[in-house]
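Good morning, and thank you for coming. I would ask you to look at the sequence and the structure on the screen while I speak.

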Amino acid sequence: MGASHPGDIKELVDIALPNYGLVTNVGKAHLLGFGSFEGVKKTKGELYDYLRRTADKVFLNVDNPHLCSMASERNLQSDPERPYSLVIPYGLEYQQAAVLPSSPENPFLRISVEGREISTNLVGSYNADNVMAALAVGNAFGISSEEAVKAIEAYVPSNNRSQLTVTQKNTLIVDAYNANPSSMEVALANLASVVSDRKVAMLGDMLELGDDSETLHYEIAMKAFESGVEMICFVGGEFGRVWDRMPDKHGSLWFKSSDDLKEWLEDHPVENAAVLIKGSRGTRMEKVLPVL
């Protein structure tokens, strides 16, 4: 279920009447519609509200303090004798799982869980929570761990989400389906952890952030500079609003649109680099892929 305004999830659960629910994460997305990060939590918590009334089950990442507080506020873990009576818990730390180191030869996410190694076709340790969620749901519905792991390892993303592509010129980390400050921060952290002689970030605007947009774009720009990336290309009017405020451009560039960046790349090719491509849907950052 998707949401961009308060009440969106409530409307959907009243239609779908779910018996089980899972909130994967909460982040600073669609703040223009939600009003604040608290508005995001309240709206996504509408799924928990519904399941609390029906006494059905919530899959809960108990490593995530935001999700745990949302569950506690709704008394989903109120019974000390049965703290998980309405909750099916999962989580990396909770299950004593671990993200294994990546390498240039194997840059994909690998997880050690219950004495077994899971090799995925995803990039970024932030996807570990999604893998653990999939395992928890599969287990709850009677899918054997062998079948679940086989399905996870067979999945190859093709929708510009956490997609790693090796071209004749570069290694591309394509996460251009959407972006918000939370997802942008973890994507930059993942790029910083990638082993490569040269790293480039191409970051498009994060849209629908409301009154906080300028501040949040400035903060992400500063985090990009601090990440040690050799070259940063900012795209869009929101980054343009903070461009002149940046104390040191660190050799970065700003482009009005992804079309402008593509045109520039045709004359200034980027090669032999690990390149992160990320931005909100409206910036169409995937337009630059053909020249990378």
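Cys-68 is buried, because its relative accessibility of 17% falls under the 20% limit. Please bear in mind throughout that this is a predicted model. How many disulfides does the model contain? The count is zero. The criterion behind that count is a pair of cysteine sulfur atoms within 2.5 Å.

I turn now to the sheets. Strands of a sheet pair through backbone hydrogen bonds, and the pairing is either parallel or antiparallel.

Let us begin with the parallel case. Strands β1, β2 and β3 make up an open sheet in that order, with parallel pairing. Its edges are β1, residues 20-22, and β3, each of which pairs on one side only. On average, and with direction ignored, neighbouring strands here are turned by 20 degrees against each other. Between β1 and β2, the latter covering residues 57-61, there are three bridges, and the two strands run parallel. If you wish to find this place on the screen, look for Leu-22, which has Phe-59 of β2 opposite it.

The antiparallel case is an open sheet of three strands, ordered β4-β5-β6. At its edges are β4, residues 98-99, and β6, residues 116-119, each pairing on one side only. Strand β5, residues 110-113, is joined to β4 by two bridges, and these two strands run antiparallel. Within that pairing, Ala-98 has Ser-112 of β5 as its bridge partner.

My next topic is backbone geometry, at two residues. Ser-162 is not a glycine, yet its phi is positive, at about 50 degrees. You will find Ser-162 in the loop between α6, residues 145-154, and β7, residues 163-166. Is this serine buried or exposed? Ser-162 counts as buried, because its relative accessibility is 6%. Glu-208 is likewise not a glycine and has a positive phi, of about 60 degrees. The loop that holds Glu-208 runs between β9, residues 199-204, and α8, residues 213-226. With a relative accessible area of 38%, Glu-208 is partly exposed.

I come finally to the charged side chains. Over the whole structure, a search finds 13 salt bridges. I shall present some of them.

One lies within a single helix. Glu-38 forms a salt bridge with Lys-41, and their closest N and O atoms are 3.6 Å apart. Both residues belong to helix α3, residues 37-54, and they are three residues apart, which is about one turn of the helix. Lys-41 counts as buried, because its relative accessibility is 11%.

The side chains of Asp-49 and Arg-74 meet at 2.5 Å, N to O. Asp-49 lies in α3, whereas Arg-74 is in the loop between α4, residues 65-73, and β3, residues 87-90, so the pair ties together parts that are 25 residues apart in sequence. Asp-49 is partly exposed, with a relative accessible area of 28%, while Arg-74 is buried, at 14%.

Another pair of this kind is Asp-259 and Lys-287, whose side chains meet in a salt bridge of 3.1 Å, N to O. This pair links distant parts of the chain, 28 residues apart: Asp-259 is in helix α10, residues 258-267, and Lys-287 is in the segment after β12, residues 274-278. Asp-259 counts as partly exposed at 40% relative accessibility, and Lys-287 is partly exposed at 27%.

Which residues are linked in a network of salt bridges? They are Glu-214, Glu-238, Arg-241 and Arg-245. With that network I conclude, and I thank you for your attention.

Notes: Residues numbered from 1 in each chain as written. Predicted model: local features only at pLDDT ≥ 70, side-chain atom pairs only at ≥ 80, totals over all residues. Heavy atoms only, no water. Buried < 20%, exposed > 50% of the residue type's maximum accessible area, 1.4 Å probe, protein only. Pairing = 2+ DSSP bridges. Helix = DSSP H or I, 4+ residues; strand = E, 2+ residues; numbered from the N terminus. Salt bridge = Lys/Arg side-chain N within 4 Å of Asp/Glu carboxyl O. Axes fitted to C-alpha atoms, helices over the stretch in contact; angles between N-to-C directions.
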